[in-house]
Amino acid sequence: MWQNRFEKHRDQGFTVVGIALDVEGAAAAKPYYDKHGVTFPALVDPNYATGFGVVPLTFFVDEHGVVRKLADWENRLKPAGELRPVTDEIRGQWTEPGSRFGPRAIAELVARHEAAPTDLATSVELASRYVDLGLHEEARAVLEPAVNRHDAKQVARGDDAQRARLLGQAYLQLAR
C-alpha cells in the first residue's frame, strides 16, 4: 500500500519512511520489505527507541515537519515550494545500513560516552550497539553506572518522559 503511494507521489516531494520494530533487527524485517518490493527508506528499531507501542502506526508529516491528520492527505498534496531541503535535512540524520556498527561510529560514541559518562542517552545508545554486536559485558559496563545514577521510582513519578523512556530502555538492555 505505502510503496504504491510512494511511487505515485514521490515526484511531488512525498516520501515514506518505514520503521520495523523487531528485536531481531534487520534480518527479521528484510523478508517483508523484499516481498513487498519496498524501495522507500526503511529503518529498523530493535530496541524500541522510537517509543511506538502500537503498530502499525502511520504519521503524515508535512513539508515543515508538522504532524498532520491523515484524512484526505492525498488530495491535499500540492506543490508548496521546494521540498528537497527538508527531505535532505532529514535524510542527513539517518545512518546508512551497517554504519551503525562501523568502527568509526562506535569510536565516536565511545568518545562521547567517556566525555559525559552520566549522559543516559549516550549510555543507552552505546549499550544498544554493544548488545546488537553480542558484546553483553561491555554493554553492562556502560549501563550499570548510568542506571545506578537514577532512582527508578523517582523517574517514573517525575514528568521527564524522555528520561523515563531512556531508563526503561537501559533496564531492558540490561535484561538482555
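**Exercise 1. Locate Pro117, decide whether it is buried, exposed or partly exposed, and list its contacts.**

Step 1. Pro117 sits in the loop between α5 and α6; helices here are DSSP runs of H or I with at least four residues, strands are runs of E with at least two, and both are numbered from the N terminus.

Step 2. This is a predicted model, in which local features need pLDDT of at least 70 and side-chain atom pairs count only at pLDDT 80 or more, while totals for chains, interfaces and linings use all residues. Residues are numbered from 1 along each chain as its sequence is written, and side-chain values use heavy atoms, leaving out hydrogens and water.

Step 3. Pro117 has a relative accessibility of 36%, so it counts as partly exposed (buried is under 20% relative accessible area, exposed over 50%, partly exposed in between, with a 1.4 Å probe and protein chains only).

Step 4. Setting aside neighbours within four places in sequence, Pro117 contacts Ser123 and Arg149 (contact means heavy atoms within 4.5 Å).

**Exercise 2. Describe how α6 and α9 pack.**

Step 1. Their axes lie 10 Å apart at an angle of about 30 degrees (axes are lines fitted to C-alpha atoms over the stretch in contact, and angles run from 0 to 180 degrees between N-to-C directions).

Step 2. α6 is therefore roughly parallel to α9 (under 35 degrees; over 145 is roughly antiparallel, 65 to 115 roughly perpendicular, and the rest oblique).

Step 3. For the residues that meet, look at Leu120, Ala121, Val124, Ala127, Ser128 and Val131 in α6, facing Arg163, Leu166, Leu167, Gln169, Ala170 and Gln173 in α9.
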